[in-house]
Amino acid sequence: MDLSKLTPDQFRVTQQCGTETPFTGKYIDHHDHGDYVCVCCHRALFSSSTKFESGTGWPSFYDISQNNSVSLIEDNTHAMTRVEVRCGNCDAHLGHVFNDGPAPTRQRYCINSASLDFKKN
């Protein structure tokens with residue numbers, strides 16, 4: 001993993017737990033078929049088949065690619081309790097997961113575009 005190839009925004013989000021401004025990420029209105037992968041290590045994280053329009057301003061997915069694609073960590077920053085989503089391979093910060101998504105999982109993985117690359121099928 002060569003972090004020197006990350007843009008300043010990608011570094012801020014993935015390595016310093018940053019968040020991009022809502023409705024500005026390159027994958028918010030992205031509808032190609034393929035896999036969203038970690039911008040740092042290129043591990044498959046989410047399939048386009050699980051992406052949905054949540055209206056929150058960040059790309060949202062209702063499931064992960066594989067059981068070990070991500071790790072979940074309790075996050076008590078900003079005077080609230082949330083569940084942080086990190087890459088299961090390189091530990092890069094991706095976003096947060098909430099229990100208000102669609103069936104079948106009822107999960108909403110709210111992910112920063114800056115933490116993702118896309119591989120078209």
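Ala79 is found in the loop between β5 and β6; strands here are DSSP runs of E with at least two residues, helices are runs of H or I with at least four, and both are numbered from the N terminus. Ala79 has a positive phi of about 60° although it is not a glycine. Is Ala79 buried or exposed? With a relative accessibility of 85%, Ala79 counts as exposed; the cut-offs are under 20% relative accessible area for buried, over 50% for exposed and partly exposed in between, with a 1.4 Å probe and protein chains only.

Before I continue, a word on the model. The model is predicted, with local features requiring pLDDT of at least 70, side-chain atom pairs counting only at pLDDT 80 or more, and totals for chains, interfaces and linings using all residues. Residues are numbered from 1 along each chain as its sequence is written, and side-chain values use heavy atoms, with hydrogens and water left out.

Let us stay with the hairpin of β5 and β6. There are 6 residues between its strands, and His78 in this hairpin takes a positive phi near 60°. β5 pairs with strand β6, residues 82-87, in the antiparallel sense over 6 bridges; two strands pair if DSSP finds at least two bridges between them. Across this pairing, Glu74 stands opposite Val83 in β6.

I turn now to the sheet. How many strands form the open sheet, and in what order? There are 6 strands, in the order β3-β4-β8-β7-β6-β5, with antiparallel pairing. β3 (51-52) and β5 (70-75) stand at the edges with a single partner strand each, so one side of each is left without a neighbour in the sheet.

Next, the loops. His42 is found in the loop between β1 (34-38) and β2. His42 has a positive phi of about 70° although it is not a glycine, and at 42% relative accessibility it counts as partly exposed.

Ser48 lies in the loop between β2 (44-47) and β3. Ser48 is buried, with a relative accessible area of 16%. Which residues does Ser48 touch, leaving aside those up to four places away in sequence? They are Asp32, His33, Gly34 and Tyr36, where contact means heavy atoms within 4.5 Å.

Pro104 has its place in the loop between β7 (93-98) and β8 (108-111). The peptide bond from Ala103 to Pro104 is cis, with omega near 10°.

Finally, the chain as a whole. The protein chain has 1 helix and 9 strands, and from the N terminus on its elements run α-β-β-β-β-β-β-β-β-β. Its radius of gyration is 13 Å, close to the 14 Å that the globule rule gives for 121 residues, so the chain is as compact as a globular protein of that length. This radius is taken over C-alpha atoms, and the rule is 2.2 Å times the number of residues to the power 0.38. The C-alpha trace spans about 40 × 40 × 30 Å along its principal axes.

Of the 121 residues, 46% count as buried. Among contacts with a separation of 6 or more, residues 24 or more positions apart account for 53%. As to charge, the chain has 11 positive and 14 negative side chains, and the centres of the two sets lie 2 Å apart. Lys and Arg count as positive and Asp and Glu as negative, while His and the chain ends are not counted; each charge is placed at NZ of Lys, CZ of Arg, CG of Asp or CD of Glu.
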